[in-house]
Amino acid sequence: MYKKILVPMALDHGLSQHTLQVARALSAEDTEIIALHVYEMPQGSVSAYLDKDVVAEGFRAARNLLREKVSDIEGIKCDIIKGHTARTIIDYASDNDFECIVIGSHKPGLSDYFLGSTASRVVRHAACAVHVHRRP
């Protein structure tokens, strides 16, 4: 199967354990699995009203939550980076030569057909295989 798998994780959607299990099922021996969280910085004029310490604390809290989610799973490394979610996932996978991305997705609504969800953008633009896990 795959030797290098990226598992993007939205820390508030409750799919983390499922996507990590899928990654394990798709892995070969000695597979490197990276759990990635993309921290989106406040945009535009909103950032002018936020204290930099508050933003930094939010980033630290997200990093700690990510570490907590993977701490009891052997062989999973984690990383957190700042950026636009879909574009950052695609670039991270490409820059680090991942063979597969395992991403969770919600059931698409009408707005997803016009705007596109993160998972659909990753599927359309990633240069590697993408496995989408839907909540049962």
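Let's start with Cys-100, which is buried, with a relative accessible area of 2%. Buried here means under 20% relative accessible area, exposed means over 50%, and partly exposed is in between, with a 1.4 Å probe and protein chains only. Cys-100 sits in strand 4.

A word on the model. It is a predicted one: local features need pLDDT of at least 70, side-chain atom pairs count only at pLDDT 80 or more, and totals for chains, interfaces and linings use all residues. Residues are numbered from 1 along each chain as its sequence is written, and side-chain values use heavy atoms, with hydrogens and water left out.

What does Cys-100 touch, leaving aside its neighbours within four places in sequence? Its contacts are Tyr-2, Lys-4, Ile-5, Leu-6, Leu-26, Cys-128, Ala-129 and His-131. Contact means heavy atoms within 4.5 Å. Now take Leu-65. Cys-100 and Leu-65 are 35 residues apart along the chain, and their C-alpha atoms are separated by 24 Å.

Next, the cores. A nonpolar core is a set of buried Ala, Val, Leu, Ile, Met, Phe, Trp, Tyr and Cys residues joined through side-chain atoms within 4.5 Å. The largest one has 20 residues. Ile-5, Val-7, Met-9, Leu-20, Ala-35 and Val-102 have the most contacts inside it. Which elements each supply at least two residues of this core? They are strand 1 (2-8), helix 1 (16-25), strand 2 (27-39), helix 2 (52-70), strand 3 (76-82) and strand 4 (100-105). Helix 2 gives the largest share, five residues.

Look at Ala-35 in the largest core. Beyond its neighbours within four places in sequence, Ala-35 is in contact with Val-7, Met-9, Leu-20, Leu-66, Val-70, Ile-76, Lys-77, Cys-78 and Asp-79.

On to helix 1. Its buried residues are Ser-16, Thr-19, Leu-20, Val-22 and Ala-23. Why are they on the same side of helix 1? Because they cover an arc of only 155° around the axis. That arc is taken from the directions from the helix axis to the C-beta atoms. Gln-21 and Ala-25, on the other side of helix 1, are exposed. And the buried residues of helix 1 pack against strand 1, strand 2, helix 2, strand 3, strand 4 and strand 5 (129-134).

Buried or exposed? Thr-19 is buried, with a relative accessible area of 2%. Leaving aside neighbours within four places in sequence, Thr-19 is in contact with Val-7, Val-102, Ile-103, Gly-104 and His-133.

Gly-14 lies in the loop between strand 1 and helix 1. At 48% relative accessibility, Gly-14 counts as partly exposed. Gly-14 and Met-41 are 27 residues apart in sequence, and 21 Å apart in space, C-alpha to C-alpha.

Now the pocket. Rolling a probe the size of a water molecule over the atoms shows where empty space is left. In this work, on a 1 Å grid over the protein atoms alone, a pocket is an open set of points where a 1.4 Å probe fits, with protein on both sides within 12 Å along at least five of seven lines; lining residues have an atom within 4 Å of a point. The largest pocket has a volume of about 520 Å³. Volume is the space filled by probe spheres set on the points, and grid points are joined across faces, edges and corners. The lining has 24 residues, and Ala-10, His-13, Thr-85, Gly-104 and Thr-118 lie nearest the centre. Helix 1, strand 2, helix 3 (85-95), strand 4 and helix 5 (118-125) each supply at least two lining residues.

Helix 3 next. Its buried residues are Thr-85, Ala-86, Thr-88, Ile-89, Ile-90, Tyr-92 and Ala-93. Their cover includes strand 1, strand 2, strand 3, strand 4 and helix 5.

Last, two backbone points. Asp-97, in the loop between helix 3 and strand 4, has a positive phi of about 55° although it is not a glycine. Asp-97 counts as exposed, at 61% relative accessibility. Asp-30 is found in strand 2. Asp-30 has a positive phi of about 60° and is not a glycine either. Asp-30 is exposed, with a relative accessible area of 72%.

Notes
Helices (H or I, at least four residues) and strands (E, at least two) are DSSP runs, numbered from the N terminus.
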